[in-house]
Amino acid sequence: MMRKLTVLAVVAALSLGLSACDDDDDNNNPSPSPSPSPSPSPPPTSSVCDETFIECNGTQATIVGTVDKDLTLDPDFEWFLGDEFVFIGGGAVEIADEAQAQAIRDAGVTLTVPAGTEVRASGPDSALIVTRGSKIIAEGTPTEPITFWAGETNINEYGQWGGVVLQGFGEYYDEGGAPVCHGGTQSYCNVAGEGGAGFFGGNDNADDSGVLRYVRIANGGLVAGPNSEVNGLTLQGVGYNTEIEYVQVHRNQDDGVEWFGGAVNAKHLVLTGNDDDDIDFDTGWKGNVQYALAIKAPTRFSSGNDPRGIEANSSDEAYQPETTGALANISLIGDDASNTPSAEPGMRLRGALTVSIYNSAVSGYDDECIRIDDADTDGQGTIVQSIVTLVNVIGTGCAEFFGHETPESQSGGGAVPFTYDGAFAIVEPAANVGATTIEAVDNGSGFTFDQTDYIGAVEPGTAAAEAWWAGWTLPGTVSLPLAEVQ
């Protein structure tokens with residue numbers, strides 16, 4: 001059976017990334033690599049070089065260790081992360097009592113990253129960890145996005161550094177729904193974050209870890225061990241007062257974005273060529289996502305990964321029934337991902353979770369478009385059902401539309417052939433569905449969905465240059481087929 005996704009137009013490489021971008025660069029770097037000077041230039045007049053957590057070499061400034069006071073990245077410097085984890089604030093430690101938890105909140109610091117800034121990681125063990133009690137304010141613009149990547153390397157290579165991790169005091173649920181961080185009067189708990197990033201968790205789903213807007217995260221993915229990775233963007237117990245909007249994760253060796261508990265929402269995600277899942281949520285996350293464009297690379301997957309568009313919750317005795325999500329206007333493009341180590345579905349929804357998916361499309365996966373699994377909670381046939389609601393969800397180019405359990409509720413959609421244009425909007429009339437009532441998960445944030453009347457991440461009829469992803473994403477990365485790994 002042919003499962004090749006038809007695309008009516010291939011998106012040309014964009015020229016509106018960082019102002020220094022060069023589309024002819026064979027390495028697809030977002031900006032030219034700096035040419036070393038014969039001798040270091042004198043540093044600009046700035047106090048940043050006096051800080052114990054910054055090492056300066058001329059105009060290069062490298063952040064190391066723990067940032068223990070507010071820091072704004074001076075645009076007169078080229079900014080680097082050291083070759084080990086960089087912690088913003090001191091909240092990743094194991095908290096012993098309420099007095100220590102309050103002291104961490106009181107001592108919280110803010111990292112401010114101005115629009116247009118590049119932050120380059122120094123090596124594969126480098127990562128940026130924004131700990132609980134502290135914040136990052138990274139507000140780019142459509143013409144001046146912010147970039148985190150391993151500088152001077154090919155953006156299409158994987159695992160060149162770790163990624164960006166946000167940690168908060170939000171709720172977390174353990175296997176079997178155990179209330180690790182929920183209930184009682186204690187405001188904190190200590191969940192060991194994957195990848196060795198320290199501890200997170202508490203009982204405050206309204207926590208605020210700052211802002212990520214018009215941000216690009218490229219060529220990362222630290223694998224510390226089995227089931228212990230740093231994703232492109234890792235959200236550990238992050239509260240809903242955190243703002244995440246217009247974020248691209250490109251060529252991460254593990255997941256694009258993964259939520260571990262908490263309640264942070266997100267809008268306008270671009271997930272390109274990631275080696276594992278694009279969207280992954282579990283351990284009691286309660287939240288909402290609208291507008292996500294996820295495109296797989298067909299030529300490279302690690303042997304230990306199971307690359308899906310969406311993976312939700314976990315399996316059987318590891319079920320976490322508190323996990324509750326609503327997603328709308330999601331486009332998952334597998335691009336005939338037949339080179340994966342095993343056949344994978346576009347969505348795998350499992351483990352007795354509750355999820356609603358609206359106005360979304362799945363294509364080009366070599367297993368089911370959507371697989372739904374209930375939880376055998378004791379291995380003896382004690383079943384807790386996954387509650388899955390699908391509204392106007394369509395699929396094409398998959399081995400079959402549904403696998404295993406059917407959804408609790410389905411209206412509209414099903415197996416329908418469709419194609420994309422150059423804006424990644426669906427061409428066929430099936431994408432026009434009329435007014436749809438899209439209901440948000442009530443996580444306390446007051447989040448509301450745009451009540452769209454079309455299927456997919458981009459509204460039909462949108463010009464490619466005017467699509468919401470255009471202009472700020474990494475040049476040439478939103479296309480079919482994705483570029484080969486160099």
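What share of the contacts in the protein with a separation of 6 or more comes from residues 24 or more positions apart? Residues 24 or more positions apart account for 71% of these contacts, where contact means heavy atoms within 4.5 Å.

The model is predicted, so local features need pLDDT of at least 70 and side-chain atom pairs count only at pLDDT 80 or more, while totals for chains, interfaces and linings use all residues. Residues are numbered from 1 along each chain as its sequence is written, and side-chain values use heavy atoms, with hydrogens and water left out.

**Figure 1. The protein as a whole, with its strands and its helix.** The protein contains 34 strands and 1 helix, which are DSSP runs numbered from the N terminus (helices are H or I with at least four residues, strands are E with at least two). Of its 486 residues, 60% count as buried, a term that means under 20% relative accessible area, with exposed meaning over 50% and partly exposed in between (1.4 Å probe, protein chains only). The protein exposes about 17,200 Å², of which carbon and sulfur atoms supply 46%; such areas come from the Shrake-Rupley method with a 1.4 Å probe, and for residues only the protein chains shown count as cover.

**Figure 2. The salt bridge between Glu-51 and Lys-69.** The structure holds 14 salt bridges, each being a side-chain nitrogen of Lys or Arg within 4 Å of a carboxyl oxygen of Asp or Glu. In this view the side chains of Glu-51 and Lys-69 meet at 3.4 Å, N to O. Glu-51 belongs to the segment before strand S1 (54–57), whereas Lys-69 sits in the loop between strand S3 (66–67) and strand S4 (71–72), 18 residues apart. Lys-69 counts as partly exposed, because its relative accessibility is 40%.

**Figure 3. The salt bridge between Arg-213 and Glu-245.** The side chains of these two residues meet at 3.3 Å, N to O. Arg-213 lies in strand S15 (residues 210–218) and Glu-245 in strand S19 (residues 243–250), so the pair ties together parts that are 32 residues apart in sequence. With a relative accessible area of 16%, Arg-213 is buried.

Figure 4. Because Asp-373 lies in strand S28 (residues 368–373) and Arg-348 in strand S26 (residues 347–350), the pair ties together parts that are 25 residues apart in sequence. Asp-373 is buried, with a relative accessible area of 8%, and Arg-348 counts as buried at 13% relative accessibility.
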